[in-house]
Amino acid sequence: MVVFGEALVDMFAEKPQLALEEADRFVRFLGGAPANMAVGLARQGVQVALCTLVGNDPFGRFVQRALGDEGVVIDAIGQHKSARTGVTFVSIGGPGGRRFVFYRHPSADMLISPAHVDAQPQHLRRGRIFHFGSSTLANEPSRSATLRAIELAAKQRPHKLISCDVNLRPHLWPELKEA
């Protein structure tokens with residue numbers, strides 16, 4: 001399986017139930033819905049690769065190491081020359097309530113381009129399933145990169161399963177009606 005989309009760093013408030021403005025300490029975790037999907041699949045014994053961009057920074061190296069340690073194939077993860085790896089601060093409120101503050105202005109994953117996808121098309125042709133997150137559809141160039149990745153993945157096999165995680169983040173979309 002190939003998963004396409006963001007891999008970020010999530011910083012959770014050390015004490016659950018605290019609002020972000022009240023938290024003094026945070027704990028770092030791997031994040032991003034597509035990265036989380038890839039990890040979940042790898043833990044179930046599925047051979048899975050993640051295609052994304054991270055920054056050439058300490059958080060990007062953490063993301064790559066954490067994914068590799070989980071058994072995710074990371075050879076399709078590139079490093080952006082100047083953009084940093086996205087960071088999200090998270091607090092967990094009452095039952096299932098979460099609050100997020102995103103630092104992605106833009107982050108490396110948001111700058112993945114069709115040229116990055118075309119540079120190594122073999123990464124997208126492997127596997128029987130191609131899965132992508134919806135966040136990369138919000139803006140260019142990641143929108144065109146996602147559409148190009150879907151096109152390449154679909155060419156591999158006529159009956160390849162293509163799935164999308166509709167993870168709506170309104171703040172990412174310039175116009176919500178485009179979502």
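Since the model is predicted, I took local features only at pLDDT of at least 70 and side-chain atom pairs only at pLDDT 80 or more, while totals for chains, interfaces and linings use all residues. I number residues from 1 along each chain as its sequence is written, and side-chain values use heavy atoms, with hydrogens and water left out.

**Sheet.** I looked up the strand order first. Four strands make an open sheet, E3-E2-E6-E7, with mixed pairing. I call two strands paired if DSSP finds at least two bridges between them. Helices (H or I, at least four residues) and strands (E, at least two) are DSSP runs, numbered from the N terminus. Strand E3 (26–31) and strand E7 (98–103) are the edges, each pairing on one side only. From one strand to the next, the twist averages 25°. For angles I use axes fitted as lines to C-alpha atoms, for helices over the stretch in contact, and angles run from 0 to 180 degrees between N-to-C directions.

I then checked E2 (residues 8–13) against E3: they pair antiparallel over six bridges. Leu8 sits opposite Gly31 in E3.

**Helix H2.** H2 (residues 58–69) lies across E2, E3 and strand E6 (87–92), and runs at about 60° to E3. Contact here means heavy atoms within 4.5 Å.

I picked Val63, which lies in H2. Is Val63 buried or exposed? Val63 is buried, at a relative accessible area of 0%; my cut-offs are under 20% for buried, over 50% for exposed and partly exposed in between, with a 1.4 Å probe and protein chains only. Leaving out residues up to four places away in sequence, Val63 touches Ala7, Leu8, Val9, Leu30, Val54 and Thr85.

**Helix H1.** I listed the buried residues of H1 (residues 33–43): Pro34, Ala35, Ala38, Val39, Leu41 and Ala42. Down the axis of H1 they fall within an arc of 165°, so they line one face of the helix. That arc is taken from the directions from the helix axis to the C-beta atoms. Their cover includes strand E1 (2–4), E3, strand E4 (49–55), H2 and strand E8 (129–133). Just after H1, I noted Gly45 with a positive phi of about 90°.

**Cis bonds.** Which peptide bonds did I note as cis? His105 to Pro106 is cis, with omega near -15°, and Pro106 is in the loop between E7 and helix H3 (114–119). Glu140 and Pro141 are also joined by a cis bond, omega about 5°. Pro141 lies in the loop between E8 and helix H5 (142–156).
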